[in-house]
Amino acid sequence: MKPRSSGFYIGIIVSIILGFGIVAGIALGLRSDAGLGSESGVLQATKTGPNSATLNLATYPDSHVCHPDNSPEQAIWVTYCAGNNGVVNQIELPPNSLITVNISQYDSGTALINDYFAQVRGTSATLDGKPFSNISDVSQISKTTTGHTFSSDPGHTFTIQSVPDSSNPIFVSVPLIGVSSTAPASVNVNGNMYPMPNVISFQFRTGPAGMTYLWHCYDPCGDTQYGRNPPFGFSGPMWTLGYMAGTMTVTNY
Amino acid sequence: MSENVMTETTTGAGRPSLRQQLFPSMVSGIIVGVIGAAVLGIIVGVATQGKNPDATVAAIYTGWVIFFFVGIGAFGDVLKWGFARREPTHAEEQQLAGKGGGLWRYFRWTTDHKVVGMQYLATALFLFFVGSMGAFMIRLEQSRPGAIFFPPSTYNTIVGMHGIIMIVASVIMVSGPFGNFVVPIMIGARDMAFPRLNALSYWLLFVDIPIIITTIFLGGFQTGWTGYAPLAVQELTPGMDAYCFFIIIFAISTTVGAMNLITTVLVLRTRGMTWGRLPILVWGVLLSVVLSLMAFPFFMISQIMVVMDRIFQTSFFEAAYGGNNWVYEHLFWFFGHPEVYVILLPALAIAAEVTAVFSRKGIFGRRMLVGSLVTISILSAIVWGHHLYFSGSNTPLDAPFMLDTELISIPTGFFFLAMIGTFWRGKIWVTVPILFVVGVLINFVIGGITGIYLADLPTDEILHGGMFVTAHFHFTLVGTAVFGFFAGVYYWFPKMVGKQLNPFLGRLHFWLFMIGFNGTFLSLFYAGLIGEPRWSANIAPPFVTPNTIASLFAILIAASVFVMVYNVIITLRSGEPALANPWGGKTLEWTVPTPVPLENFEELPVVTSTPYDYGTPVSHPSDVEGSLEEQLSLQPRTPPQPQPES
Amino acid sequence: MSEANIEGNAGSTSPAVQEPDHFRRVMTAWVVFSIVGIVIWAFLAPVILPQGASNLEGIDDFTITLLTALAIPVAMFVFVFLAYSLLFFRTNDRPTEDAVPLKPRPGLQIGWLGITSLLCLFLFIYGMVAFYQETSAAPTPNTLIVRVTAQQWLWSFDYPQYSISSQSQVIELPVNRPVQFIVTSEDVLHGFSIRALGVRIDANPGEMTSTPVVTPTAIGNYTVNCVELCGLLHSYMWEAVNVVDQSSFNSWITSQGGHP
């Protein structure tokens, strides 16, 4: 075996370290590419008591409010946001609480492809004396502001599902009744004009801390070219985090 | 490497100027290609008013490919000789083959099969490196539960890119470098049958690589490497088109290369090189490209149909408008199954070649081995239905597909018999190539046996679509085929590059790779047995432990990749020049000097026996020792005079 | 091919040394390792394979156990011969002379062909019989029918015989009653798979596919997951399968709004 300089062995170590550096660099580069999958900030539900909290969300027919600096292709993507602005990809909720969710729905309706989602599922307790569980007449749960109009179809659904093998599964699905497509644009949100929203409220309970859930919309929407034709437009905004899907974590804060 | 180039005999013209070397070359090809892509993209984008991003992207890729070939001077031949209606002179052909071209000839439209072989080797190693980066991302994400490092959409794109880049790399890894460089010399030819098509097949691959890289900037694709419709049709972002075009161009490249190789082996064998004396590598490569000629058109057409569904809103695969996704599955897997044998056969052939040389013994049951390779090829064309057992399509055909899938185990068993018989009572010289062959055999046993589990209907019922499948195909494609490729790299590197790769680093590479690979994928077999599905961005709690162990072992695989890169770099920079026949091989490529002269042989050799007639005492003094000067002399030696046939 | 007809003391460097009977040694090693391997597998198999919960899954698990037990001698054959060759036939440096080729033995090749063919035939027949046993049961009026609708990225379940749909991400099944799943998809390909019950079938848009009739045999909580890549949340597409006794099943049906 011919004698080798120590430089030879140092070279081996250096190339391995350099190699892992390249791996790390590629990982960071891919993570920062927003086009592949967007990450965003955290929205915490507002605590209203030791065991209750309120979550206010809005759904918009485009992303002007939530992603103001989007490209024109992505500007038409429907988005869920917190209140009037702020992207909500990751929602945090307190444990063992009754969560009241108010969603301001600015978007018009599109027929569901799977009737399963026409029913309210998994909600609990009552609001204003009305029982909410398993109500099949969706319009009963709409609490609207004056001057509302609504279509017979949901604009979206707000569906919370459990991650695999969760020890405390939650399943909540609420159809969000759509605004009529002929409603006039009369509300100004951050400089964008929308029709009067339908505000839908419901409640559900969280379990112990440390659990993660997913929330997602199950009513495929979008314009006729990409959204409605089979295979039913679960593309684009419907499968990019930060628009109509995200995570929900139960944690102490 | 430049000193090897300078010793080539050149007469007449001196070194061309830099301008002559740059234009036309890869550089001008890229420039013209980018311009052409932009022009076509703008034209189509304006014509469709930006409403059909898939069409714009398709136009960009088409412009890139066509104008790259304009820029690299590929069409120059058509103009010079096609329209002028004359044959090129011998001097012009030598010019095209890169005579006196220096290092730049590797970056130009060069027809010399040795140059094309080196280009393929560099590209294959590059693709493996990029693909393995994807693999490390995957193992990073799968090391902890939850989608923590990457969002699931990014993860799906990484999985898809890792898969398709590795598949393409392993299809070309043996037929490209060794099929081009070694096979023509092995059969005693001066070049391939169609030298210009040879350059075309390589540059089509080169031009293809930026296409798949651009998917990262177009939103990625979510279907994994199989590109299943209707998911492939559903994508809003045009990243999926990158995948489709990658396949379409690659299919053209392999078809061109396949035609070239088949014609070369059929027609250009030297005198005395009968079919019965053909080295096993040539058989392996030939069978592989015949299979690919049959299979790749189906891959190509499936992607063309997906592209048509995306751009022109046809509905081949959309049920609501009369299409059917089973059509895609059948088209894809009719290609997909022979394709893995396209990958496997040449690597098994390398294993057989290397074993004979390093056991100093003829291949045991050589004719049986060739027969088994032929049988595997034929059978592989009729087994695709085992990927569709649980698709719901054609369930009455499940039984016949199970039968012929399990039948493949019989010729595979013959391969093992031949290998064991060659090792048995040989004089085994344990070098890096033979280490990789041992790895091939061990991994192939595991890979082949687990294939039976998947072929059998009652077990596939609980294993289909799970990590067991992933571990099985990694054992066969990586553990067998890629290990065979590396055996070939360490074996033929002295002949192709003129320097021998450092054996210490080679052994380190082998052990890190072998231990890391087995640790990773044996853990994933277990994960699959307990039910983990494939393509899991999110690892569910029951599967965390085997995945974490697999990711830890993958660190060893990563280290082995970097060790190999280091080995290649220091060998190229400061390796010692190699002997013309450092291993004592008997195939024809070891009888020509290193570096190999432009036309390979001064006089075409006449062959009188197979290259496996070991069993005679030392047949040629310079096989054992020989001065460096003797080995480096440009005078080719005739093959040893064999005993009369008994 | 010139082959010397040498046997016996092939490869010996000194004629006076008695050459060990390599073949007998390696065959002994093979038998020993195979037996040890099979014994180890016999202890490992119940630990590694998850507990089955249906008649089908029992057959599938048993097939895996049997195939592995058969595979161990096959694998050991290659490993032992390879290891033996590398240990005893290696040269320390580059060899100075060639090895002597083995005598051609057509009997060995034919025998090998025969044994591998028999093994292959056995595997095929066993697989066919096992699969026929699993899939030949036809649905009877007693069979529970569950309609599964897959969409990105949720399963929804209907029980048409009770006119209900499952209100949450749960399939509830009564123990010891045959059940058949009829599966379709709303959008793209999904793979419906319940590992513990041993059923798996793709969900295709525009088509109805069905699993074989399966009878859950053990009460417990299992999972259904998706095994065909379907986009962003493919790996989150899991739901629960609860196998309960008949009375719990009936109360569940009532709670979902149906009549048992």
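Me: What should I know about the model and its numbering before I start?

Reply: The model is predicted, so local features need pLDDT of at least 70 and side-chain atom pairs count only at pLDDT 80 or more, while totals for chains, interfaces and linings use all residues. Residues are numbered from 1 along each chain as its sequence is written, and chains are lettered from A and ligands numbered from 1 in the order in which they are written.

Me: How many helices and strands does chain C have?

Reply: Helices (H or I, at least four residues) and strands (E, at least two) are DSSP runs, numbered from the N terminus. Chain C has four helices and eleven strands.

Me: How do I read the radius of gyration of chain C?

Reply: The radius is taken over C-alpha atoms, and the globule rule is 2.2 Å times the number of residues to the power 0.38. For 260 residues a compact globule would come near 18 Å, but chain C has 28 Å. Along the principal axes, the C-alpha atoms of chain C fill a box of roughly 90 × 35 × 30 Å.

Me: How many residues of chain C are in contact with chain B?

Reply: Two residues are in contact if their C-beta atoms, placed from the backbone, lie within 7 Å. By that rule, 75 residues of chain C are in contact with 80 residues of chain B. Helix 2 of chain C gives the most to this side of chain C, with 15 residues.

Me: And where does chain A come in?

Reply: That contact takes 21 residues from chain C and 20 residues from chain A. Strand 2 (144–151), strand 3 (154–159) and strand 10 (220–226) of chain C each supply at least two residues of the side that touches chain A.

Me: Which strands of chains B and C are joined by bridges?

Reply: Two strands pair if DSSP finds at least two bridges between them. Here, two bridges join strand 1 (residues 428–429) of chain B to strand 1 of chain C, and the strands run parallel. B:Ile428 has C:Arg90 as its bridge partner.

Me: How are two packed helices described?

Reply: By the angle between their axes and the distance between the axes. Axes are lines fitted to C-alpha atoms, for helices over the stretch in contact, and angles run from 0 to 180 degrees between N-to-C directions. In chain B, the axes of helix 8 (residues 152–175) and helix 20 (residues 467–497) come within 10 Å and cross at roughly 35°.
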